[in-house]
Amino acid sequence: SISLVKPEQIILLKDIDRKYQKSKSVVMSVEKTDKISALDQTREFTGDLTLSHGKFRLELESKDANKDKSVIVADGKTLWLVT
């Protein structure tokens, strides 16, 4: 269902947006789940996402025993992926 956003919610979201636009960087803890239906497999990852002035860096590590790691970095022109 679709709900309407209240004016006070819009004001709050704009305040939050201004705060993050002025900050040097923002770091968030993230979780990712990969589901491969054909193989009936699910893999879970945790890591950090860093945003800074139109650039981002995502570092993930699998929760399983392999501890596979991956890094994605973007600078607005180029996207790098390291696994």
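Some ground rules before the tour. The model is predicted, so local features need pLDDT of at least 70, side-chain atom pairs count only at pLDDT 80 or more, and totals for chains, interfaces and linings use all residues. Residues are numbered from 1 along each chain as its sequence is written, and side-chain values use heavy atoms, with hydrogens and water left out.

Let's start with the sheet. There are 5 strands in an open sheet, ordered β1-β2-β3-β4-β5, and the pairing is antiparallel. Strands here are DSSP runs of E, at least two residues long; helices are runs of H or I, at least four; both are numbered from the N terminus. Two strands count as paired if DSSP finds at least two bridges between them. In general, strands of a sheet pair through backbone hydrogen bonds, either parallel or antiparallel.

Which strands sit at the edges? They are β1, residues 26-36, and β5, residues 79-82, and each pairs on one side only. On average, neighbouring strands of this sheet are turned by 15° against each other, direction ignored. For that angle, axes are lines fitted to C-alpha atoms, for helices over the stretch in contact, and angles run from 0 to 180 degrees between N-to-C directions.

Now strand by strand. β1 and β2 pair antiparallel over 11 bridges. V27 has T50 in β2 as its bridge partner. These two strands make a hairpin with 4 residues between them, and D40 in the turn has a positive phi of about 55°.

Next, β2 to β3. Here 8 bridges join the antiparallel strands. F45 is bridged to S62 in β3. This hairpin has 2 residues between its strands, and H53 in the turn shows a positive phi of about 45°.

On to β3 and β4. They run antiparallel and are joined by 6 bridges. F56 stands opposite A74 in β4. The hairpin has 6 residues between the strands, with K67 at a positive phi near 50°.

T46 and K67 are 21 residues apart in sequence and 10 Å apart in space, C-alpha to C-alpha. T46 lies in strand β2 and is partly exposed, at 30% relative accessibility. The scale: buried is under 20% relative accessible area, exposed is over 50%, partly exposed is in between, with a 1.4 Å probe and protein chains only.

The last pair is β4, residues 69-74, with β5: antiparallel, over 4 bridges. I72 has L81 in β5 as its bridge partner.

Salt bridges next. How many does the structure hold? It holds 7. The criterion is a side-chain nitrogen of Lys or Arg within 4 Å of a carboxyl oxygen of Asp or Glu. As a general point, side chains of opposite charge can pair when their charged atoms come close.

Take R43 and D68. Their side chains meet at 2.6 Å, N to O. The pair links distant parts of the chain: R43 is in strand β2, D68 in the loop between β3 (55-62) and β4, 25 residues apart. R43 is partly exposed at 26%, and D68 is partly exposed at 33%.

K63 and E44 form another salt bridge, 3.8 Å from N to O. K63 is partly exposed at 44%; E44 is partly exposed at 40%.

Then E61 with K69, where the closest N and O atoms are 3.6 Å apart. Buried or exposed, where does K69 fall? K69 is exposed, at 56%, while E61 is partly exposed at 27%. Salt bridges with shared partners also join R43, D64 and D68 into one network.

Finally, the largest pocket. It contains about 190 Å³ of space. A pocket is an open set of points on a 1 Å grid over the protein atoms alone, with protein on both sides within 12 Å along at least five of seven lines; lining residues have an atom within 4 Å of a point. Its lining includes Y20, K24, M28 and H53. The elements giving two or more residues to that lining are α1 (7-22), β1 and β2 (41-52).

Terms used: 1 Å grid on protein atoms, 1.4 Å probe; cavity = no way out; pocket = protein on both sides within 12 Å on 5 of 7 lines; lining within 4 Å. Points joined across faces, edges and corners; volume = space filled by probe spheres on them.
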